[in-house]
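Morning, everyone. Please have a look at the model on the screen before I start.

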Amino acid sequence: MYLGLGLVVCFTCFNTQFTLVRGILGGEEITIRQAPYQVNYGDICGGVLIHRQWALTTAHCGTEETFIRVGSKYRQKSRKINIILHIVHPNFAKRHEFDFDVQLLKFRKLRFSKFVHPIEISDGEYGDYMFVTGWGFTKEKGHFNDILRRAQVQIVPKPECQTVPQPWYNYSLTSRMFCAEGEGEDACQGDSGGPAVSFGRLVGISSFGYGCGRVPGVYVNVSDQKIKRWLEKHVV
């Protein structure tokens, strides 16, 4: 199956009903070897390694954080890597508050290992399930997890997701977005920018939702051609 161009949570919003910084509800604990591309962006959001010098996270996580953490399943025990450049997509939030919700983080060249390794970006192909990872809350109004977790989600057809009667849904989703949900598993508060992976490649990054597990979560479609061309312009 493919996320075609037509297919098809804000870290300051902890005191509102709209959960934008997303983490993991349900799922299971994993080791960093199972997701060596996972990073922590400034201890507030997730991210994903795509190159020796570059990681992706969401634009709405802001550009104030000065480091990422890599190489450990423990949220605050991994190695700090200083960020030397933030690049937010120039079309972020123009058509929709979370359209093009993506930014690049540049840092010094990393040495790869079984604990630190980038992931290839998908050409749009995905299987029956995707896996999302992060250190976020396991329930609404919960706490960060110390150990990395993984949940299993499935694509929700975009026409169905468009009908969700909440802000930022309501027939406003763009081709840079897709929706997914799981059986008692979801992204939740604490890990926007975290990866959604299928067939061992990056399909999306967690962007926004409403609560945890209430409605399908929305992800940035990183295989969208406008996003891929932007990435190719910078990541060389």
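This is a predicted model: local features need pLDDT of at least 70, side-chain atom pairs count only at pLDDT 80 or more; totals for chains, interfaces and linings use all residues.

Start with the largest nonpolar core. It has 40 residues. Which of them touch the most other members? Those are Leu49, Ile50, Leu56, Ile68, Leu104, Leu202 and Leu231.

Now zoom in on leucine 202. Leaving out residues up to four places away in sequence, leucine 202 touches Val48, Ile50 and Leu56, among others. Its contacts also include Ile119, Glu120, Ile121 and Ser122. Pro195, Ala196, Val197 and Val222 touch leucine 202 as well.

On to the disulfides. How many does the structure hold? There are 2.

One joins cysteine 45 to cysteine 61, S to S 2.1 Å. Cysteine 45 sits in strand 3, and cysteine 61 in the loop between strand 4 and strand 5. The two are 16 residues apart. With -90° about the S-S bond, this link is left-handed. Cysteine 45 and cysteine 61 are both buried.

The other disulfide joins cysteine 161 to cysteine 179, S to S 2.0 Å. Cysteine 161 is in helix 1 and cysteine 179 in strand 10, so the pair ties together parts 18 residues apart in sequence. Why is this disulfide left-handed? Because the torsion about the S-S bond of cysteine 161 and cysteine 179 is about -85°. Buried or exposed? Both cysteine 161 and cysteine 179 are buried.

Key
Residues are numbered from 1 along each chain as its sequence is written. Side-chain values use heavy atoms; hydrogens and water are left out. A nonpolar core is a set of buried Ala, Val, Leu, Ile, Met, Phe, Trp, Tyr and Cys residues joined through side-chain atoms within 4.5 Å. Buried means under 20% relative accessible area, exposed over 50%, partly exposed in between (1.4 Å probe, protein chains only). Contact means heavy atoms within 4.5 Å. A disulfide is a pair of cysteine sulfur atoms within 2.5 Å. Helices (H or I, at least four residues) and strands (E, at least two) are DSSP runs, numbered from the N terminus.
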